[in-house]
Structures are given as C-alpha cells and as structure tokens.
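Please look over the structure shown below before reading on.

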Amino acid sequence: MNTAANIEALASGGQAPAVRQRKVRRVLPGFGLTLGFTVFYLSLIVLIPLAALVGKTLTLSWAGFWEAVSAPRVIASLQLSFGAALLAAMINAVFGLLVAWVLVRYKFTGKKIVDSLVDLPFALPTAVAGISLTAILASNGWVGQLFAPLGIDLAFNRTGIVIALIFIGLPFVVRTVQPVLEDTEKELEEAAACLGASRWQIFYRVIFPAISPALLTGFAMALARGVGEYGSIVFISSNIPMVSEIAPQVIIGKLDMHDYAGATAVAVLMLVISFVLLLLINGLQAWQRSRTGAGDR
C-alpha cells in the first residue's frame with residue numbers, strides 16, 4: 001500500500017486501508033460468538049443451578065418459606081455463619097495486609113517458603129484442613145494444650161470455627177493486596193518523606209488509599225468463602241444446635257431428612273444475604289475509588 005493512497009484516504013475524512021486492516025484483526029473470534037459462549041457457560045455453571053434452587057423454593061407457600069427460615073435453630077445458625085465469617089474476614093484484612101507487606105517490602109531467609117505457605121489453604125482439601133486444625137487445637141493438641149490450663153478451649157466451639165475461617169480466608173486477602181502493593185509508586189513515598197511526612201502519614205495518606213480497593217476485594221472474597229464454608233468447620237465444631245451449628249450444617253441436616261424445599265429455602269436466604277453484603281462492599285469500593293480518584297488513573 002503506497003503512502004499517497006494513505007494520505008488521500010485520510011485527507012478525504014476516511015481511514016487508511018492499512019489502519020482499517022489492523023483494526024479488524026483480532027486474536028479471539030467475533031463479539032457475537034464469544035458473547036454467546038460466555039452466556040451459555042454462565043447459564044450452565046451459575047444461572048441454571050440458581051434457577052433450580054429458586055424454583056424448588058417456590059414450591060413452598062410464603063407461610064411455609066417463612067416457617068422454614070424463621071425457625072430458632074435456623075436463625076442461630078445464620079447468625080453464627082455470617083458473624084463468624086465477618087469476624088474472620090476482618091481479622092484477615094488486618095493480618096493479610098501485614099503478611100503481604102512483609103512479603104513485598106522485606107527480604108529475608110525463607111521468603112519463598114513463606115510465600116508458598118500462603119497458598120496452602122488453596123491446595124489443601126477443606127476436610128483435611130478441618131482434621132488438622134482439630135488435632136492441633138484440641139485440648140491435647142500442640143497448641144490447645146498450652147491454653148487448656150488457662151481454661152481456654154480452641155476447638156469444638158465458636159472459637160474453633162473462627163480460627164478455621166481465618167485459615168481458609170487468609171490467602172484471598174494476601175494474594176489480592178500483594179500485586180497492588182508491588183505496583184505502588186515508591187517515588188510518591190519518597191516525595192512525601194522529603195516533605196516531612198512521618199511513616200504513619202505516608203502509609204495512611206499515600207499507600208493505604210492505593211491499596212484499599214484491593215483490600216476491600218480480598219475482604220469480600222474471604223467473607224464470601226467463609227459464609228459458605230463447610231468441610232473445615234464440621235470437624236472443628238461440635239455441631240450443637242443453637243450453639244455451634246452453622247447454616248450449611250442445617251441445610252445438610254434438612255437434606256438428610258428429605259426436606260428439600262426447607263433446605264433450598266435456607267440456601268436462598270443465605271444467597272440473598274450474601275448478595276446484599278457483596279453489593280454493599282462493591283458500593284463502598286466504588287465510593288472509595290471516586291473519593292481517592294483511583295478510577296481516573
């Protein structure tokens with residue numbers, strides 16, 4: 001393609017043939033095909049199971065649904081599931097940020113080993129994690145026997161549930177914050193230090209606004225994982241109704257009794273509450289980005 005043809009096309013308000021050719025070349029197939037596959041895949045994996053869940057719940061009348069989800073045992077299990085997951089996610093937000101900070105900002109012997117151990121809850125089956133935590137935290141375990149003389153039980157109660165949720169939720173915060181922390185501009189910290197800012201002011205006014213959206217994302221992921229966790233909790237919890245029974249355990253119990261509509265009713269309620277919580281967290285993220293101007297970068 002000669003230069004004169006390109007200049008003529010551009011002068012006439014059109015676009016150079018070479019430019020048009022580069023624009024239509026794509027690595028993936030066209031938008032229609034990829035969108036269709038995306039909708040099909042999401043429907044197969046997400047929408048159809050959710051529709052079946054809601055459809056089974058609709059077999060109940062409103063009175064039957066309310067009776068299923070308002071039972072004292074169900075309410076106590078929901079309070080424990082969401083309360084323990086929220087507490088564990090808040091703890092992980094603090095200590096996950098600390099772990100990510102150490103892995104990014106410091107060099108020490110065994111750093112790669114520590115970095116690999118963060119991913120252990122991802123690779124470890126939840127049942128194995130529950131059994132391992134139970135063996136360690138029981139009154140005769142390595143850690144539990146240190147607290148037993150003080151009258152503190154770390155297993156077979158709500159404390160054990162929170163510890164298990166902290167264990168499985170920590171990687172979500174660390175792996176979400178770590179890459180963002182690595183990409184923060186050191187020049188801004190140096191400029192703030194030159195202007196006389198203290199270390200706390202540098203962290204609070206320079207670093208934290210940049211990583212807070214990622215921290216909120218990690219918090220939301222840890223919370224969502226904790227709400228639906230079952231495998232690691234069923235072993236470390238005594239599963240006593242109204243005391244240490246989580247909502248997934250109530251659902252399993254209803255399924256064992258062939259109360260499928262009651263089980264789906266509790267599941268739908270958990271789904272709605274989780275959706276509302278994630279919606280609030282996403283709204284907080286959007287507000288935080290607009291406030292700090294992170295969306296303009």
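Is Phe 156 buried or exposed, or partly exposed? In this predicted model, Phe 156 is partly exposed, since its relative accessible area of 44% falls between the cut-offs of 20% and 50%. The residue sits in the loop between helix H9 (144–147) and helix H10 (158–183), and its phi is positive, at about 65 degrees, although Phe 156 is not a glycine. Most residues other than glycine have a negative phi.

His 258 also calls for attention, for it has a positive phi of about 65 degrees without being a glycine. His 258 is found in the loop between H14 and H15, and with a relative accessible area of 58% it counts as exposed. The table sets out the two residues.

| Residue | Phi | Relative accessible area |
|---|---|---|
| Phe 156 | about 65 degrees | 44% |
| His 258 | about 65 degrees | 58% |

The helices on either side of the loop that holds His 258 also take part in the second largest pocket, where helix H12 (199–227), helix H14 (247–256) and helix H15 (260–292) each supply at least two residues of the lining. About 300 Å³ of space lies in this second largest pocket, and of the 15 residues that line the pocket, those closest to its centre are Ala 224, Val 227, Met 270, Leu 271 and Ser 274. Which helix gives the most to the lining of the second largest pocket? That helix is H15, with seven residues. By class, the lining of the second largest pocket consists of 13 nonpolar and two polar residues, with no charged residues.

Technical notes. Residues numbered from 1 in each chain as written. Predicted model: local features only at pLDDT ≥ 70, side-chain atom pairs only at ≥ 80, totals over all residues. Heavy atoms only, no water. 1 Å grid on protein atoms, 1.4 Å probe; cavity = no way out; pocket = protein on both sides within 12 Å on 5 of 7 lines; lining within 4 Å. Points joined across faces, edges and corners; volume = space filled by probe spheres on them. Helix = DSSP H or I, 4+ residues; strand = E, 2+ residues; numbered from the N terminus. Nonpolar A, V, L, I, M, F, W, Y, C, P; charged D, E, K, R; others polar. Buried < 20%, exposed > 50% of the residue type's maximum accessible area, 1.4 Å probe, protein only.
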